[in-house]
Amino acid sequence: MPDQLIEDPVMAMDPHPTKLEYYDNMWKLQSHSTFLSYFQGEDGRLVMVLDSTIFHPQGGGQPFDTGVITLSTDHDFKFAVNDVRSKDGIVFHYGFFENTREGFESTLKKGVQVGLFVDELRRKLNSRLHSAGHLLDVCVRNVGLSLEPGKGYHFPDGPYVEYKGSVPQNDMQNKQVELELEANKLIAKGGKVSAAIVSYEEASELCGGCLPDYIPKGSSPRIVKLGDHPSCPCGGTHVSDISEIRSMKFPSLSSLAIHSFRILPPQVSQRFSNTDKEGYDENLLQCRTLDLALEPPFSSYI
């Protein structure tokens, strides 16, 4: 651990928001940035702040990225990133120093260039899960369900999307089959996935004529588009083509409450192998719905 740390996070932060490189290029896994500061957080963990980042902070239903930050002038320097968060526009890279020689602090000064390397397997899995959640929204509309998307949770330990609305009990099984067929038809067809920051008016048009209430009027939201399907406001990362989702399966649909449904897309099979350190099957995304207690619907999908 460094001998000297900046104790006050406010002093450590640059007044300008961290530039999010993945907003422009969701598939960039290596980059360079300018080091601003590091300090010890209130929980005792080390935090590094940069002027830009390709690391996705946890939020919007998507887990944080992991990886390493290196110093171009010191090949022995390595900061292992094991958590990433964002607050007030500043991205905080949490982690620890690995195999760092004594006295390295003298080279770690504001303005030095650092290298960023995101864990590829974790990012790709998170992107597949997130894109599958968006594709489910498309499928819900395509099979004629009048459900409003609510909370999305795109984590490997049990991803889901909650919807407001109702489905007649006698239609449950048929809609389950229709959703699965529609999802895998769209995956087989494929389609380019893109993201862009646009004006509020253009975003509204791209998203079918209106935007969710949590998007401030007059703002410039980031809009993600899957193929030729309606767009959606989103700050996360996604696959480059719908076909990269590979497959989705819906074993069942269940009601959370009279006006709330939870559809879990896509649960990745827990199959451990020597080639997949995360323990997930790379080829199958299973979508499930669980019987759960009454929960209030959420107002935000991303």
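I'll start with the barrel and then move to a hairpin. Keep in mind that this is a predicted model.

First, the barrel. Six strands form a closed barrel. The order is E2-E3-E7-E6-E5-E8, and the pairing is antiparallel. How are neighbouring strands of this sheet turned against each other? On average by 45°, with direction ignored.

Let's take one pair from it. Strand E2 covers residues 30–40, and strand E3 covers residues 46–50. They run antiparallel, and five bridges join them. Look for Phe39: standing opposite is Val47 in E3.

Strands of a sheet pair through backbone hydrogen bonds, and the pairing is either parallel or antiparallel. In a regular strand, side chains alternate between the two faces of the sheet.

Now to strand E12, residues 222–226. Is E12 mostly covered or mostly exposed? Mostly covered: four of its five residues are buried. Here, buried means under 20% relative accessible area.

Which strands pair with E12? One is E11, residues 193–197. That pairing is antiparallel, over five bridges. Within it, Val193 stands opposite Leu226 in E12.

Another is E13, residues 232–233. This pairing is antiparallel too, over two bridges. Val224 has Cys232 in E13 as its bridge partner.

Last stop: the link between E12 and E13. The two strands form a hairpin, with five residues between them. Which residue there takes a positive phi? Gly227, with a value near 60°.

Definitions and conventions
Residues numbered from 1 in each chain as written. Predicted model: local features only at pLDDT ≥ 70, side-chain atom pairs only at ≥ 80, totals over all residues. Heavy atoms only, no water. Buried < 20%, exposed > 50% of the residue type's maximum accessible area, 1.4 Å probe, protein only. Pairing = 2+ DSSP bridges. Axes fitted to C-alpha atoms, helices over the stretch in contact; angles between N-to-C directions.
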